[in-house]
Each structure stands twice: as structure tokens, then as C-alpha cells.
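Open the model in your viewer and keep the selection tool at hand.

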Amino acid sequence: MKSPFVKGLSHGIPIALGYFSVSFGFGIMAVKAGLTALQSIIISLTNLTSAGQAAGVGIIAAGGGLIEMAATQLVINLRYSLMGLSLSQKLSDSFTTPHRLIASFGITDEIFAVASAQKEKLVPSYMYGMILIATVGWTGGTALGAVAGLALPVALTAAMGIMLYGMFIAIIIPAARASRKDLVVILIAALFSTAFKFLIPSVSFGFAIILSSVAAAVIGALLFPIELAETEEKAE
């Protein structure tokens, strides 16, 4: 019988493989933005957030400030706190506060999905195994991408740099196909982002992301309000 740690490793291998291919694109993007290979690797090793890292590199390249960076990361990564609250209902008694703090570092969309699907209570060693292998995949892909970005021809690295954006599209397409409401909100966010890019270029990259995200969320909430009774029914 597999130990929880080994089980976590095995469950995390598909995640690590996916992360490796996607973070390869991030590594290329980071060095193209002026970061060194080591800086790119450290960012991936200490963050584990594809959208947040991509936005952060954009802000760094544009010369944005710390407040802009912090606000952008808060908006983009706020969902992880909600995932953590949801997973807290599945934790075993062995998950003491230190274990919770350590495991919270590795809560990503994919790790959350796999952990939530487990029928038994989650133990620290299981989460550590899955987070470890996923971190290796994400950081390893970044390292290889950063080195490739420095060594390969510009035309080739420019083509490979689209991989990260392809991942973002792959994330939103299933939601857009499954729900007309999600599609509308996604299109609203894209519309605001395009308007900032071409009509109000004076707004910095980071604040454009923040304003587009918040505006789309607010409009979506007004157009498609979720009644309390509906929320309680889904929870049951």
C-alpha cells in the first residue's frame, strides 16, 4: 500500500508534466523581459502562480511600482484563499497550523482540483508529495525555458513564448463553453483590456489588469446575480 507521500507524488506527476511545458513558455518570457535565468527560476520556485507570474513579469518590464505589483497579485491570486478555505474542510486532525501554512504555499488550481477529489481526509504528507513534484515540474520547465530563451534564435523563442498564453486560453475556454454567463464575463474583461491597450495606453499594465478584472466581475455580478437559495442548494 502506498504511503500518503508516495501517493501524493504519483497524483502530482500529471500536474508536473503539464506545468513543465507551460513554465517553459514563462522562462522564455521572463528572459525576454530582461530577467536573468536565475531570477526567473527563483520567481517560479517561490510563487507557483502562472497568471500572477506572467502579470508580474509584465509589470517589471514596464517599470511598475510595488503598489501596482501588490494590487495586481492580490486580484489575480485571491481565488487561492477561497480554495484554501474549501480544502480546510477536508483536512485531517494531523494538519496542525504549521502544516497548514506550509501546504498553503502549494495550493494551485490543479492541486486544489486533485486534492478536492480525494474521498479520504487529506494528510500533510500527501499534500507535500503532490506539491513537491508539481514545484519541480514548474521550476524545471522555467529553468529550461530561460536557458533556451538565452540560447535559441529570437524568431524561435518568440514563437515558443505563446505557450503561456495558450494555457490561459485553455483555462477559460471550458468555462466559456459550459456557461453563457462565464462567456459574457470573459468577453467583458477582454473588451476592457483591449480598451485600455488601444484607447487609454497611459494606464499601466498592472492597473489595466486590475481594473479590467474588477469591472468584469462587478458587471457580471449585476447581470447574473446568484440568489442565496441557489448558493445553499449547490452547497448541499
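A polar contact here is a pair of N or O atoms within 3.5 Å, where one must be able to donate a hydrogen and the other to accept it. Keep in mind that this is a predicted model.

**Stop 1: Asn77.** Select Asn77, in helix 4. Show the side chain of Thr49 as well: the side chains of Asn77 and Thr49 make a polar contact at 2.8 Å. Is Asn77 buried or exposed? Asn77 has a relative accessible area of 17%, and buried means under 20%, so Asn77 counts as buried. Leaving aside neighbours within four places in sequence, Asn77 is in contact with Thr49 and Gly52.

**Stop 2: helix 2.** Select residues 37–47, which form helix 2. Colour Ala37, Ser40, Ile43 and Ser44, which are buried. Now look down the helix axis: the buried residues fall within an arc of 125 degrees, so they line one face of helix 2. Residues three or four places apart in an α-helix point the same way, because there are 3.6 residues a turn. Next, show helix 1 (4–32), helix 3 and helix 7 (124–151), which are among what covers the buried residues of helix 2. Then step to Leu48, which follows helix 2 and has a positive phi, near 55 degrees.

**Stop 3: the largest pocket.** Its volume is about 1900 Å³. Select Ile76, Ile172, Ala189, Ile209 and Ser213, the closest to the centre among the 45 lining residues. Which helix gives the most to the lining? Helix 11 does, with 10 residues. Colour the lining by type: 33 residues are nonpolar, seven polar and five charged.

Notes:
Residues are numbered from 1 along each chain as its sequence is written. This is a predicted model: local features need pLDDT of at least 70, side-chain atom pairs count only at pLDDT 80 or more; totals for chains, interfaces and linings use all residues. Side-chain values use heavy atoms; hydrogens and water are left out. On a 1 Å grid over the protein atoms alone, a cavity is a set of points where a 1.4 Å probe fits but cannot get out, and a pocket is an open set with protein on both sides within 12 Å along at least five of seven lines; lining residues have an atom within 4 Å of a point. Grid points are joined across faces, edges and corners, and a volume is the space filled by probe spheres set on the points. Helices (H or I, at least four residues) and strands (E, at least two) are DSSP runs, numbered from the N terminus. Ala, Val, Leu, Ile, Met, Phe, Trp, Tyr, Cys and Pro count as nonpolar, Asp, Glu, Lys and Arg as charged, and the others, Gly among them, as polar. Buried means under 20% relative accessible area, exposed over 50%, partly exposed in between (1.4 Å probe, protein chains only). The arc is that of the directions from the helix axis to the C-beta atoms. Contact means heavy atoms within 4.5 Å.
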